[in-house]
Amino acid sequence: MIEVLRLTKKYKSLVAIDDVSFSVKPGTITGFVGPNGAGKSTTLRCIVGLTTPTSGAATVLGSHYVNLENPSRSIGVILDASRLHPGRSGYSTLKTASTIIGVPDSRIEYVLKECGLTTLEGKREIKTYSLGMRQRLCIAQALLANPQILILDEPMNGLDPQGIRWIRSLLKKFTNDGGAVLLSSHLLSEVQKVADHIVMICEGKILVDKPLEELVEEGDDLEAVYVNYTEKFSRRSIHED
Amino acid sequence: MKTDISLNVDTNGVRLSNIVKAETRKATDTHVSRIIIITIVLLTFAMFVVSIYKFGNAASWTHPFNAISSPACTILPIIFILLICEEWTRGTALVTYTFVPQRNKVILAKFIILLVFFLGTIITLYAFSAIASIIASGTNSYSISWSEPIYSVILLILPLLVNMLFGFSMAIATQETTLALGLYFFVPPTTVVVSQLPVIGPYAKWFSLEHSSSIFIAGATGVTTAQYICSLFIWIFVPCIIGIFRNMKRDLN
């Protein structure tokens with residue numbers, strides 16, 4: 001459902017991502033993990049056409065994202081919960097999105113409720129929201145048109161334990177219904193609980209692209225394997241320099 | 001996530017009319033934009049009342065227009081500066097361009113809203129000007145002239161239109177709220193100050209919106225019209241083209 005092929009993004013002398021390739025299949029959750037500045041967000045932004053890659057390509061449902069007629073109908077995207085306008089209400093934010101996508105207003109109430117926000121909370125300005133509430137609003141926005149694919153960048157940040165439990169079950173249900181999820185997160189224990197496949201990136205390069213089951217056999221858990229891979233990569237980089 | 005309610009999703013691409021509706025909501029539903037709109041309404045009404053007394057001996061229904069239109073003329077463009085710049089300063093472009101990857105459609109939608117706001121405002125201001133004249137003539141017992149030449153009626157709309165387009169072009173070129181507001185308020189008086197320099201003075205009317213706007217007072221000739229078009233080209237057309245190009249190409253990081 002998502003194909004990333006030899007994606008490279010350079011900013012002058014800085015190589016943000018280097019020859020990145022992987023795919024996300026229907027009915028699976030792909031965990032996209034890596035240290036800060038590894039190139040996760042850049043990759044996600046290249047996939048949804050917000051950043052133009054220097055070379056390579058990414059396709060979603062067989063097309064470049066920018067060529068999709070109404071992309072939010074089939075792809076729900078969360079990139080940064082802090083980028084919601086603080087002076088608008090949650091309801092107004094969803095109303096703006098639903099107007100663009102072309103979904104009925106009844107859907108707004110539905111996704112608000114589904115994401116654990118009350119009608120009263122929906123009417124409040126976003127500047128009064130906690131980070132967890134902003135995340136829930138972003139998830140509601142991503143789910144507005146009942147998409148087939150979710151691209152989520154750190155969706156669990158700021159969520160309380162109930163919220164994390166809720167998003168876990170939501171993602172499981174989503175993939176059981178045939179959807180595909182690309183989930184970028186630093187919360188490795190949570191990624192391990194939901195992901196079927198792991199793509200690990202470090203300094204813009206893909207280190208690992210394996211099913212989770214196969215990967216965790218290499219260590220105690222995903223965190224141990226992650227630390228092992230990234231430290232080994234960093235030592236190699238220093239040695240090469 | 002399969003839902004319990006039927007989802008009647010529009011199967012076409014993102015329609016321009018839907019983007020226009022969404023952008024109109026964005027332009028008017030923030031705390032700041034509501035304050036701006038209320039301020040314009042209150043000040044316009046105040047100017048309407050003042051003009052009834054001030055233009056007690058007015059002969060034409062268009063005479064109170066400049067006074068009544070001055071609040072909208074100055075303040076209304078700020079709504080569009082915020083609408084455009086906050087996409088980048090607040091980072092909401094990340095969401096907007098994820099929903100509508102065809103960025104040209106979003107820019108066009110914002111421009112359409114500007115024209116709609118302009119038309120709505122100008123019709124309202126014409127009506128206010130006429131009503132103020134009627135009340136003033138009734139109070140002071142004189143007759144109003146309704147036979148103003150169409151040319152001078154059309155000229156009345158230019159300051160508002162030019163200010164709105166100037167605000168739009170500064171916003172789209174800079175994509176930075178503070179800078180766009182600064183340029184919007186300081187460029188016109190600064191060009192006047194610069195034009196005081198003896199070397200520049202003779203050419204001022206070709207680049208100063210303030211100078212070339214003497215067209216509204218002295219009437220248009222071939223030269224004054226050319227000067228006005230030249231200053232519009234410098235301060236509206238060129239920044240607009242640069243801004244559209246930047247909006248289309250800029251990476252969202």
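# Briefing: chains A and B of a predicted model

From the N terminus on, chain B runs α-α-α-α-α-α-α-α-α-α-α-α, which makes twelve helices and zero strands. This is a predicted model, in which local features need pLDDT of at least 70 and side-chain atom pairs count only at pLDDT 80 or more, while totals for chains, interfaces and linings use all residues. Residues are numbered from 1 along each chain as its sequence is written, and chains are lettered from A and ligands numbered from 1 in the order in which they are written. Helices (H or I, at least four residues) and strands (E, at least two) are DSSP runs, numbered from the N terminus.

**Chain B overall**

- Chain B has 253 residues, and 36% of them count as buried; buried here means that 20 or more other C-beta atoms, placed from the backbone, lie within 10 Å of the residue's own.
- Of the contacts in chain B with a separation of 6 or more, 73% are between residues 24 or more positions apart; a contact needs C-beta atoms, placed from the backbone, within 7 Å.

- Let's start with helix 1 of chain A (residues 40–47): eight of its eight residues are buried, so it is largely enclosed by the rest of the structure.
- Among these buried residues are A:Lys40, A:Arg45 and A:Ile47.
- Just after this helix, A:Gly49 has a positive phi of about 75 degrees.
- Helix 1 of chain A lies across strands 1, 2 and 4 of chain A, at about 115 degrees to strand 1; axes are lines fitted to C-alpha atoms, for helices over the stretch in contact, and angles run from 0 to 180 degrees between N-to-C directions.
- In chain A, an open sheet of three strands has the order 2-1-4, with antiparallel pairing; strands pair if DSSP finds at least two bridges between them.
- Strand 2 (14–24) and strand 4 (55–60) of chain A are the edge strands, each pairing on one side only.
- Strand 1 (residues 2–11) and strand 2 of chain A are joined by seven bridges, and A:Lys9 stands opposite A:Ile17.

- Strand 5 (residues 75–78) of chain A pairs with strand 6 in the parallel sense over four bridges, with A:Val77 and A:Ile151 as bridge partners.
- Strand 7 (residues 180–184) of chain A runs parallel to strand 6 and is joined to it by five bridges.
- From strand 6 the chain passes through helix 6 (residues 161–176) of chain A to strand 7, in a right-handed β-α-β crossover; with the strands pointing away from the viewer, the path from the first strand over the helix to the second runs clockwise.

**The nonpolar core**

- The largest nonpolar core has 130 residues, of which A:Ile47, A:Ile151 and B:Ile81 touch the most other members; such a core is a set of buried Ala, Val, Leu, Ile, Met, Phe, Trp, Tyr and Cys residues joined through C-beta atoms within 7 Å.
- Helix 3 (residues 65–89) of chain B gives the most to this core, with twelve residues.

**Where the chains meet**

- Chain B places 35 residues in contact with 41 residues of chain A.
- Helix 1 of chain B gives the most to the side of chain B that touches chain A, with six residues.

Key
A residue is buried if 20 or more other C-beta atoms lie within 10 Å of its own, exposed if 12 or fewer, and partly exposed in between; C-beta atoms are placed from the backbone. Two residues are in contact if their C-beta atoms, placed from the backbone, lie within 7 Å.
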